[in-house]
Amino acid sequence: MTAVQTDTETGTGNGTGTDTGTDAELKALAEQAGRDLEDASALEILQWAVRTFGKQFCVTSSMEDAVVAHLASRADPGVDVVFLDTGYHFPETIGTRDAVEAVMDVNVITLTPRQTVAEQDAEYGPKLHDRDPDLCCALRKVAPLEQGLTKYRAWATGLRRDESPTRANTPVVGWDEKRRKVKISPIARWTQDDVEAYVSEHGVLTNPLLMDGYPSVGCAPCTRRVLEGEDARAGRWSGSNKTECGLHG
């Protein structure tokens with residue numbers, strides 16, 4: 001496993017890659033691919049990404065499950081899988097990351113924020129996640145990911161359209177305007193039943209918390225169990241208007 005501490009002040013990250021095209025060309029490529037691959041299988045979408053971007057392509061994973069990482073390893077054995085260790089994860093999430101690294105043909109890269117939790121507490125006060133969750137996510141998720149993605153031109157996510165209204169229009173391939181990269185969501189059209197069928201067929205690792213009332217797993221202080229009838233992401237930032245951490249919008 002490769003661990004990378006990103007620096008949000010100096011802008012240093014994990015290196016840079018060779019451009020595969022101008023931003024305008026990549027945006028046009030992404031939008032065309034989104035149309036062409038709308039009905040393609042998840043594996044076909046990832047195979048396209050590997051052919052197009054090679055080692056400038058990576059997968060990001062929250063270690064809620066390893067479905068996209070497993071799919072990507074079939075398309076590109078040894079593919080980079082980027083994980084954000086915020087310092088607030090459940091032990092089960094860290095355990096899932098370690099298990100993925102041990103048993104799957106992937107290269108797990110762990111990104112950490114510039115500050116430890118103790119250092120952040122010293123600067124901003126304790127429990128920033130309770131007082132200003134947007135700032136906490138910006139410091140511990142968004143900034144580290146942006147630095148960690150520096151060497152890549154395309155990245156894959158596990159976003160699905162059925163997860164929440166804010167994700168209903170997720171393209172299978174699109175343009176990440178904020179980061180100026182191609183963003184690939186190979187299982188965007190999948191349902192939870194599709195995920196469970198793939199996990200069962202291939203014996204894919206999943207976070208134990210998924211079986212303990214947490215259908216969506218984030219940082220421990222900001223995630224609770226979901227009640228019967230609630231949306232799958234209702235347990236994230238419960239009691240606030242926040243629905244996304246900022247990584248995807």
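Figure 1. Among contacts in the chain between residues at least 6 apart in sequence, 71% link residues at least 24 apart. The model shown here and in the other views is a predicted one. The chain contains eight helices and seven strands. Of its 249 residues, 50% count as buried.

**Figure 2. Helices H1 and H2.** Helix H1 covers residues 23-36, and its axis lies 13 Å from that of H2. The two helices pack at an angle of about 160°. Because angles over 145 degrees count as roughly antiparallel, H1 is described as roughly antiparallel to H2. The crossing of this pair is right-handed. On the H1 side, the contact is made by Leu26, Leu29 and Ala33. On the H2 side, Trp48, Thr52 and Phe53 take part. Sorted by class, the residues of this contact are five nonpolar, one polar and no charged.

**Figure 3. Helices H2 and H3.** Helix H2 spans residues 42-53 and helix H3 spans residues 67-75. Their axes come within 9 Å and cross at roughly 55°. H2 and H3 are therefore oblique to each other. H2 passes H3 in a right-handed crossing. From H2, the residues that make the contact are Ala42, Leu43, Leu46, Gln47 and Val50. From H3, they are Val68, Leu71, Ala72, Arg74 and Ala75. The contact of H2 with H3 consists of eight nonpolar residues, one polar and one charged.

**Figure 4. The two sides of H2 in contact with other helices.** Trp48, Thr52 and Phe53 of H2 are in the contact with H1, while Ala42, Leu43, Leu46, Gln47 and Val50 of H2 are in the contact with H3. H2 is roughly antiparallel to H1 and oblique to H3.

**Figure 5. Cys136 and Cys137.** How far is the sulfur of Cys136 from the closest cysteine sulfur? The distance is 6.1 Å, and that closest sulfur belongs to Cys137. A disulfide is a covalent bond between the sulfur atoms of two cysteines. The cut-off for counting one is 2.5 Å between the sulfur atoms, so the sulfurs of Cys136 and Cys137 are too far apart for a bond. By this rule, the count of disulfides is zero. Are these two cysteines buried or exposed? Cys136 counts as buried, at 6% relative accessibility. Cys137 is buried as well, with a relative accessible area of 8%.

Conventions:
Residues numbered from 1 in each chain as written. Predicted model: local features only at pLDDT ≥ 70, side-chain atom pairs only at ≥ 80, totals over all residues. Heavy atoms only, no water. Axes fitted to C-alpha atoms, helices over the stretch in contact; angles between N-to-C directions. Helix = DSSP H or I, 4+ residues; strand = E, 2+ residues; numbered from the N terminus. Parallel < 35°, antiparallel > 145°, perpendicular 65-115°, else oblique. Left-handed = near helix turned anticlockwise from the far one by under 90°. Contact = heavy atoms within 4.5 Å. Nonpolar A, V, L, I, M, F, W, Y, C, P; charged D, E, K, R; others polar. Buried < 20%, exposed > 50% of the residue type's maximum accessible area, 1.4 Å probe, protein only.
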